[in-house]
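Reader: I'm new to this one. Can you walk me through it?

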Amino acid sequence: MTAAPLDVLADFPAIPSGWAYLDTAATSQKPRPVIDAITRGYGETYATVHRGVYQRSADMTLAFEAARERVARFIGAKPQEVIFTRGATEGINLVAQCWAATNLKPGDRILLSMLEHHSNIVPWQMVAERTGAQIDVVPLTGDHRIDLDAMAAMLTEQHKLVALAHVSNVVGSVLDAKRAVELAHAVGAKILLDGCQAVPRLPVNVADLGCDFYVFSGHKLYGPTGIGVLWGRYDLLDAMPPYQGGGSMIDRVTFAKTTYAPPPGRFEAGTPHIVGVVGLHAAIDYVDGIGLDRIHAHETALVTQARDALSQINSVRLFGPDDSAGIVSFAVEGVHPHDVATILDEGNVAIRAGHHCAQPLMDSLGVPATARASFGVYNGAGDIAALVKGIERVTRIFG
């Protein structure tokens, strides 16, 4: 995979000259078109949606629903299957409470993997406690991918739900999602994919994948915080009860009985994050304007450069596969990752250090934490050089 490096750093006003921002897996910086869309949304065109009959409200409602249609095109879905949430975490919790909690019973099983983010573990544990279902965990391969051969051997007809990360937020390994879907469906299980790290880096088409639910967050996709997307097959959404009660999600309310709106409105109680949705629309336009194939090629080249350079430092241990998607996790022998990150920060290099909300994975790797460099469209070879220079300084200090 070859492509000219991206040259879009000038689009990101919050990245000053000389600062290597390598924490995109946690949250992405925002390009000027997204900032401008948010500024216009609050400063020029703001009004409520779905309620007002005055012109500006009608215009904002059209913009809000245009964003839903844009999300649908972006992931190969239908607009009525796209639910706006506060983030991917809320999307997973929505499925846990509205599908799993109403469909699972004692004796049923949920299948997760060893590398899941806490947001794709804890909601299922809460459901299991309520329903009497049990949780099984798929192990990893030697290069820290979800072991689909092991998954195939583990699945039974008692498994009703599978929930897996499309791309690991720690080691960047990419799931063979189509095979995972086929394995889950072969035993009659539904499957949810956590696409937080996939959607900003890889083309995603939910119809082609064949999954049942897909979630992602806006702030990792160069969009604003506080907005995310849950996609679900319409027949599943239509059979699910509401997640919350309130305005906008109703058909008719009386004190005797309330009936609910069809999806997606049923799951969007209250005033939504209107300008967040507008910002998400702008972010998707920005990403599509560059092209996800180009973004993936750019980040693949950066990962290769970083892994090659770090592998030359004897005290550095790399995690994950060589073809990880935009993320490189590592440890420096004898140095806590927090110390690594602090020293790097002194050299204007920003990375993440810790368990990355994936403590079971840390236990599996045999470390308390890792240092993680993650890349975005604004990164380049100079950021890799700054990272390596900083790691070399770490090794000298802790020599």
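Author: Here is a short tour of the model, taken topic by topic.

Reader: What kind of model is it, and what is the average pLDDT?

Author: It is a predicted model. The protein averages a pLDDT of 97. At least 70 is reached by 99% of the residues.

Reader: Which elements have the lowest and the highest mean pLDDT?

Author: Strand S9, residues 250-253, has the lowest, with a mean of 95. S6 has the highest, at 99.

Reader: On to the inside. How many residues does the largest nonpolar core have?

Author: It has 80 residues. Phe84, Met151, Tyr214 and Val377 have the most contacts inside it. Helix H9, residues 274-290, gives the largest share of this core, ten residues.

Reader: Arginine 68 and glutamate 268 are charged. What do they form with each other?

Author: A salt bridge. The closest N and O atoms are 2.8 Å apart. Arginine 68 is in helix H2, residues 55-75, and glutamate 268 is in the loop between strand S10 and H9. That links parts of the chain 200 residues apart.

Reader: Are those two buried or exposed?

Author: Both glutamate 268 and arginine 68 are buried.

Reader: How many salt bridges does the structure hold?

Author: It holds 20. In one of them, the side chains of arginine 70 and aspartate 288 meet at 2.7 Å, N to O. Arginine 70 lies in helix H2 and aspartate 288 in helix H9, so this pair ties together parts 218 residues apart in sequence.

Reader: Is arginine 70 buried or exposed?

Author: Arginine 70 is buried, because its relative accessible area is 8% and the cut-off for buried is under 20%. Aspartate 288 has 37% relative accessibility, so it counts as partly exposed.

Reader: What about arginine 393 and glutamate 346?

Author: Their side chains meet in a salt bridge too, at 3.0 Å, N to O. Arginine 393 is in helix H13 and glutamate 346 is in helix H11, residues 337-346. The two are 47 residues apart in sequence.

Reader: Why does glutamate 346 count as exposed?

Author: Because its relative accessible area is 53%, and exposed means over 50%. Arginine 393, at 33%, counts as partly exposed.

Reader: Which residues are linked in a network of salt bridges?

Author: Asp23, Arg352 and Arg372.

Reader: New topic, rings. How many aromatic pairs are there?

Author: A search of the whole structure finds eight. One joins tryptophan 19 and tyrosine 21. Their centres are 5.2 Å apart, with 45° between the planes, and the pair is tilted. Tryptophan 19 is partly exposed, at 25% relative accessible area. Tyrosine 21 is buried, at 7%.

Reader: And why is the pair of tyrosine 222 and tyrosine 378 edge-to-face?

Author: Because the planes are at 80°, and over 60 degrees counts as edge-to-face. The ring centres are 6.0 Å apart. Tyrosine 222 sits in the loop between strands S7 and S8. Tyrosine 378 sits in the loop between strand S15 and helix H13. The pair links distant parts of the chain, 156 residues apart.

Reader: Are tyrosine 222 and tyrosine 378 buried or exposed?

Author: Tyrosine 222 is buried, at 1% relative accessible area. Tyrosine 378 counts as buried as well, at 4%.

Reader: Which residues do ring pairs link into a cluster?

Author: Phe12, Trp19, Tyr21, Tyr222, Tyr286 and Tyr378.

Reader: Now the loops. Where is serine 168?

Author: Serine 168 lies in the loop between strand S5 and helix H6. It counts as buried, at 1% relative accessibility. Its side chain reaches the backbone nitrogen of valine 171 at 3.1 Å. Beyond four places in sequence, serine 168 touches Leu115, Ser173, Gln197 and Ile327.

Reader: Last one. Where is proline 203?

Author: Proline 203 is in the loop between strand S6 and helix H7. Leaving aside neighbours within four places in sequence, proline 203 is in contact with Leu292 and Asp293.

Conventions. Residues numbered from 1 in each chain as written. Heavy atoms only, no water. Phe/Tyr/Trp six-rings, centres within 6.5 Å; stacked < 30°, edge-to-face > 60°. Buried < 20%, exposed > 50% of the residue type's maximum accessible area, 1.4 Å probe, protein only. Helix = DSSP H or I, 4+ residues; strand = E, 2+ residues; numbered from the N terminus. Polar contact = N/O pair within 3.5 Å; in protein donor to acceptor, adjacent residues only side chain to side chain. Contact = heavy atoms within 4.5 Å. pLDDT = per-residue confidence, 0-100. Core = buried A, V, L, I, M, F, W, Y, C linked by side-chain atoms within 4.5 Å. Salt bridge = Lys/Arg side-chain N within 4 Å of Asp/Glu carboxyl O.
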